[in-house]
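Here is a short briefing on charged side-chain pairs, written for reading alongside the model. Please keep the viewer open as you go.

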Amino acid sequence: MAGSEGIRVPLGIEGPTIVMGTPSFDLGRVCTSNSFPEGFGRMRSLGMVRGVTVRVRSRNIGAVISAGLTSLVGGEIENMTAWCVRAREEALARMLENATELGANGVVAIRYGTNCIAPNIIEVIAYGMAMTDGDIPTSSGGAVPAATVEGISRAAIGTSNDLPGYTVVRSMGLVHGLTVRSQNAIASIGAAFESLAGGEIRTLTKMCEDAREEAYLRMVQDAVERGADGVVAMRYETNEIVDGVTEVLAFGTAVSSSESPSQDSAASSSTLPQHMVTTSSTLPSLPSHYSGGIVQGITVRSTHFFKSIGAGLKTIVGGEVTTWSNMCSDARAQALERMLEQATQLGAKGVIGMRYDSNQLSPGRVEVIAYGTAVFDSPVQHASDDVSIAPSLVTTDVSIPGHMAQASLGVARGMSVRSTNLVRSIGAGLKSMVGGEIRNYTNLCKDARAEACRKLMSHAEEMGATAVVAMRYQSNDLSPGVVEVIAYGTAISDGSAPTPTSFNPPPRTEGEQASGNNLGHNL
């Protein structure tokens, strides 16, 4: 809004800034943490807010030539950096405008998400939990805001681990909302014309906003069907299935503020019950817990060849592609089931800090991993093999009960790039004709994740760490059949290991440089 007074939203890099319209809170009340520092007064949740934009890189011939020349010698491509910065600024500004419309004067637990729609076209979303310290409209009961989604108060759906003013009595397990959508042919033609001038492609922005909203509503509906009245630690994740077709997932932990007949702590099957899995850091039924390390489940799946042809025809008219939605849903369910099986084999009582990561290995082939921290109701013996940091002292949570951290030593990381061999690729190609899991690729991805984790722990050990917290995965397909995986987290020390007087991290490879620019986007 050129010429208007408002809030400037800088990202710490020289370049354009977004000027918002009516300011209602300062940027000191915009943060990625789950809550504000002490001194901000009593805050209440207004629910999840988001801002989405889809932008194309400038078609200016000089900028294109400059970027091409830079790519020949390597290094930063400044005009593309500015392009990405502009997209994040715009998404953040729209999220803040959304929060302003709700009457918020702060936003916590902000996350970014990105997705490549097509070459040189990116979608960026900024989302978080709107907060206020003022009066808010209430229902007739006077307890929650009147606005509801599928019967749940909007204020009870948030990205943070808790909801101010809301007491979580029960955790009811993971809830999901998933959709796979494509744009129709006519919209694609309009988007192509819009892209000629550079800047935002409003046609695609609307498509992505609609997909996010649909996934969000399906997640809330899943929570309602479980009898929940809130969702915490909500996240978005996107993945490209084929060019122009995007999977959007909204997931979180369903919670209830009321008592009910006790949930059966034993699973109906031999695996851990799903209500003992949370994207948050706590399980109400397990108030005191001990970390047992990372557990994970991985699968690589493709859809049936002939069904893919039908799905391809669906992309002409646009909308949801049910065939691929079902494939992605099956992949997520299988990854989650395998994570639960691993936790059960360890004797864990629950899983906290659960996350998804996904990656397109090749058009129509998707890798999905579900991972989190296994927790126990008694102390765990921290045994290690070839490194001094025991696997049980690596967690997706922000702390490890019983580990008295005295210092944060910085970010530790481990990276692996792996490819499948020719014979296995042929087998995978044949398997993709009939659909289902492609075990060759599943094993490839397992090996890549395991190697990245080992390198992460070795790197942390070199830094003098005794544990790693807030561990995350990020993956990327460098080319068909070649997978890059990075595992990263914060190295911490309890003072028992010597800390190097000077530590120089290993030089980053080109793949790490590309991935490193997005570290922390899906915490």
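The notes below cover the salt bridges, pair by pair.

This is a predicted model, in which local features need pLDDT of at least 70 and side-chain atom pairs count only at pLDDT 80 or more, while totals for chains, interfaces and linings use all residues. Residues are numbered from 1 along each chain as its sequence is written, and side-chain values use heavy atoms, leaving out hydrogens and water.

**Overview**
- The structure holds 18 salt bridges (a side-chain nitrogen of Lys or Arg within 4 Å of a carboxyl oxygen of Asp or Glu).
- Arg50, Glu209 and Glu213 are joined in a salt-bridge network.

**A pair within one helix**
- Glu90 and Arg94 form a salt bridge, with their closest N and O atoms 3.8 Å apart.
- Both lie in helix α2 (residues 78–101), four residues apart, so about one helical turn separates them. Helices are DSSP runs of H or I with at least four residues, strands are runs of E with at least two, and both are numbered from the N terminus.
- Glu90 counts as buried because its relative accessibility is 10%, while Arg94, at 22%, is partly exposed. Buried means under 20% relative accessible area, exposed over 50%, and partly exposed in between (1.4 Å probe, protein chains only).

- Arg332 forms a salt bridge with Glu237, the closest N and O atoms being 3.4 Å apart.
- This pair connects helix α6 (residues 322–346), which holds Arg332, to strand β8 (residues 230–242), which holds Glu237, across 95 residues. Arg332 and Glu237 are both buried.
- Arg338 pairs with Glu437 in a salt bridge, at 2.7 Å between the closest N and O atoms.
- Here Arg338 sits in helix α6 and Glu437 in strand β15 (residues 436–437), 99 residues apart. Arg338 and Glu437 are both buried.
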